[in-house]
Amino acid sequence: MSKETRIQSLYEEFSLKLRTKMSWDREIFSALFEEMKGYCDQVKLDDTIDRKTASVFWSASWWVKSQIQELEAFSDQYYENALVNLDHLAWVLFENEIRSGLEYEPL
């Protein structure tokens with residue numbers, strides 16, 4: 001399975017659980033996050049990126065936040081860090097650079 005297909009599959013599985021059950025699967029999110037980080041490293045010198053994979057990065061950076069931002073169950077530091085990391089990953093992918101002074105937050 002290609003990295004692109006794995007990212008898309010993990011995001012579909014994660015977002016389906018979040019949307020239908022309001023359940024944040026930490027194991028799936030962790031795997032997704034690691035795959036997304038690896039993808040950023042893999043394509044950093046490329047001139048193009050896979051459109052479907054790019055849509056996962058874009059969607060994850062705003063859709064996940066919109067699903068949980070007002071819910072008490074998702075108010076601890078873990079979720080805040082996860083959202084910062086999704087924004088960071090989108091920035092790295094689309095701008096092809098790491099945000100100055102910002103490392104990934106611990107999960």
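Leaving aside neighbours within four places in sequence, A82 is in contact (heavy atoms within 4.5 Å) with W24, F29 and L107. A82 is found in helix α4, where helices are DSSP runs of H or I with at least four residues, numbered from the N terminus. Because its relative accessibility is 0%, A82 counts as buried; buried means under 20% relative accessible area, exposed over 50%, and partly exposed in between, with a 1.4 Å probe and protein chains only. The C-alpha atoms of A82 and G38 are separated by 16 Å, and the two residues are 44 residues apart along the chain.

The structure is a predicted model, in which local features need pLDDT of at least 70 and side-chain atom pairs count only at pLDDT 80 or more, whereas totals for chains, interfaces and linings use all residues. Residues are numbered from 1 along each chain as its sequence is written, and side-chain values use heavy atoms, with hydrogens and water left out.

N81 is also found in helix α4. With 8% relative accessibility, N81 counts as buried. Not counting residues up to four places away in sequence, N81 touches E105, P106 and L107.

**Aromatic pairs**

A pair of aromatic rings is described by the distance of the centres and the angle of the planes. Rings of Phe, Tyr and Trp (its six-membered ring) are taken as paired if their centres lie within 6.5 Å; planes under 30 degrees apart count as stacked, over 60 as edge-to-face and the rest as tilted. By this rule the model holds nine aromatic pairs. One of them joins F14 and W24 edge-to-face, with 4.9 Å from centre to centre and 85 degrees between the planes. F14 lies in helix α1 (residues 3–21) and W24 in the loop between α1 and α2 (26–43), so this pair ties together parts that are ten residues apart in sequence. Both F14 and W24 are buried.

W24 also forms an edge-to-face pair with Y78, at 6.0 Å centre to centre and 80 degrees between the planes. This second pair links distant parts of the chain, with W24 in the loop between α1 and α2 and Y78 in helix α4 (residues 77–95), 54 residues apart. W24 counts as buried at 8% relative accessibility, and Y78 counts as buried at 12%. Ring pairs link F14, W24, F29, F33, Y78 and Y79 into a cluster.

**Helix packing**

Two helix pairs are set out below. Axes are lines fitted to C-alpha atoms, for helices over the stretch in contact, and angles run from 0 to 180 degrees between N-to-C directions.

| Helix pair | Axis approach | Crossing angle |
|---|---|---|
| α1 and α3 (residues 51–68) | within 10 Å | roughly 20 degrees |
| α2 and α4 | within 10 Å | roughly 25 degrees |

The angle makes α1 roughly parallel to α3, and α2 and α4 are likewise roughly parallel to each other. Angles under 35 degrees count as roughly parallel, over 145 as roughly antiparallel, 65 to 115 as roughly perpendicular and the rest as oblique. The crossing of α1 and α3 is left-handed, and α2 also passes α4 in a left-handed crossing. A crossing is left-handed if the near helix is turned anticlockwise from the far one by less than a right angle, and right-handed if clockwise.

Between α1 and α3, the α1 residues in contact include I7, Y11, F14 and L18, and the α3 residues include V56, F57, W63 and V64. In the pairing of α2 with α4, the contact is made by residues including R26, F29, F33 and M36 of α2, and by Y78, Y79, A82 and L86 among those of α4.

**Partly exposed positions**

K3 is placed in helix α1. At 25% relative accessibility, K3 counts as partly exposed. Leaving aside neighbours within four places in sequence, K3 is in contact with E35, G38, Y39 and Q42. K3 and E80 are 77 residues apart in sequence, and their C-alpha atoms are 26 Å apart in space.

M22 is in the loop between α1 and α2 and is partly exposed, with a relative accessible area of 35%. The phi of M22 is near 50 degrees, a positive value in a residue other than glycine. Most residues other than glycine have a negative phi.

Definitions and conventions
Helices (H or I, at least four residues) and strands (E, at least two) are DSSP runs, numbered from the N terminus.
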